[in-house]
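Hi,

Here is the structure I promised to pass on. Have a look at it first, and then read my notes below.

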Amino acid sequence: MKKARIELLVGVFVIIGLVCLAYLAIHLGEMELFGGGYRLTADFDNISGLKVGALVEVAGVDVGKVESISVNRENMAHVVLNINKGVIVYQDAIASVRTKGIIGDKYIKLSVGGADEPLAPNGRIRHTESVLEWEELIGKFIQGKV
């Protein structure tokens, strides 16, 4: 009887340990099991350095992530954004590629707009601003084209 009770306690502790390990793996790996949010797309002339998983921010607050990046038929960067539930993005929104600091990571800055109609899930952000490339700007300055 005493041996069965000890085995039961060990089993309970093993199960609790496995649950804790799974919880940590999910939260440290930033997995989303119950996919929240909706998708929006935007096309940019240049996204130099933007990566999948980059943050999407509104007023400095993280509201989503870059889900995928590809090149469309017009040879523009087609970016799919996953926006958190509860964040309303309107039809006149502007998506800009920005850099955190001077040489920091790239992210998407959204100004959500103020039009009457919000963008529907899988909608397209029409107004975009591409990344400013310092090398190109310095090259133009040196060549006297600025």
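Let's start with Arg124, which counts as partly exposed at 37% relative accessibility (buried is under 20% relative accessible area, exposed over 50%, and partly exposed in between, with a 1.4 Å probe and protein chains only). Before I go on, some ground rules: this is a predicted model, where local features need pLDDT of at least 70 and side-chain atom pairs count only at pLDDT 80 or more, while totals for chains, interfaces and linings use all residues. Residues are numbered from 1 along each chain as its sequence is written, and side-chain values use heavy atoms, with hydrogens and water left out.

So what does Arg124 pair with in a salt bridge? Its partner is Asp43, at 3.4 Å from N to O (a salt bridge is a side-chain nitrogen of Lys or Arg within 4 Å of a carboxyl oxygen of Asp or Glu). The two sit in distant parts of the chain, 81 residues apart, with Arg124 in strand β7 (residues 123–125) and Asp43 in strand β1. Strands here are DSSP runs of E with at least two residues, helices are runs of H or I with at least four, and both are numbered from the N terminus.

Strand β1 covers residues 38–44, and Asp43 is buried, with a relative accessible area of 11%. Its side chain also has a polar contact of 2.7 Å with the side chain of His78 (a pair of N or O atoms within 3.5 Å; within protein, one must be able to donate a hydrogen and the other to accept it, and residues adjacent in sequence count only if both atoms are side-chain atoms). Leaving aside neighbours within four places in sequence, the residues in contact with Asp43 include Asn72, Met76 and Thr128, where contact means heavy atoms within 4.5 Å.

The whole structure has four salt bridges. Another one joins Glu67 and Arg39, at 2.3 Å from N to O. That pair also links distant parts of the chain, from strand β3 to strand β1, 28 residues apart. Glu67 is partly exposed at 28%, and Arg39 is partly exposed too, at 41%.

Then there is Glu129 with Arg98, whose closest N and O atoms are 3.6 Å apart. Glu129 lies in strand β8 (residues 127–129) and Arg98 in strand β5, so this bridge ties together parts that are 31 residues apart in sequence. Glu129 has a relative accessible area of 37% and Arg98 one of 31%.

Now for the inside. The largest nonpolar core has 25 residues, and those touching the most other members are Phe44, Leu81, Ile83, Val89, Ile108, Leu110 and Ile125 (a core is a set of buried Ala, Val, Leu, Ile, Met, Phe, Trp, Tyr and Cys residues joined through side-chain atoms within 4.5 Å). At least two core residues come from each of β1, β2 (55–58), β3 (61–71), β4 (77–83), β5 (94–99) and β6 (106–111). Ile108 is in contact with residues including Phe44, Leu50, Val66, Leu81 and Val97, with neighbours within four places in sequence left aside.

Ile6, Val10, Val14, Leu18 and Leu21 make a nonpolar surface patch of about 480 Å² (residues with over 30% relative accessible area and no salt bridge, where like charges are joined within 9 Å and nonpolar side chains, meaning Val, Leu, Ile, Met, Phe, Trp and Tyr, within 5 Å; areas come from the Shrake-Rupley method with a 1.4 Å probe, and for residues only the protein chains shown count as cover). Val14, in helix α1 (residues 2–28), is partly exposed at 46%.

Cheers
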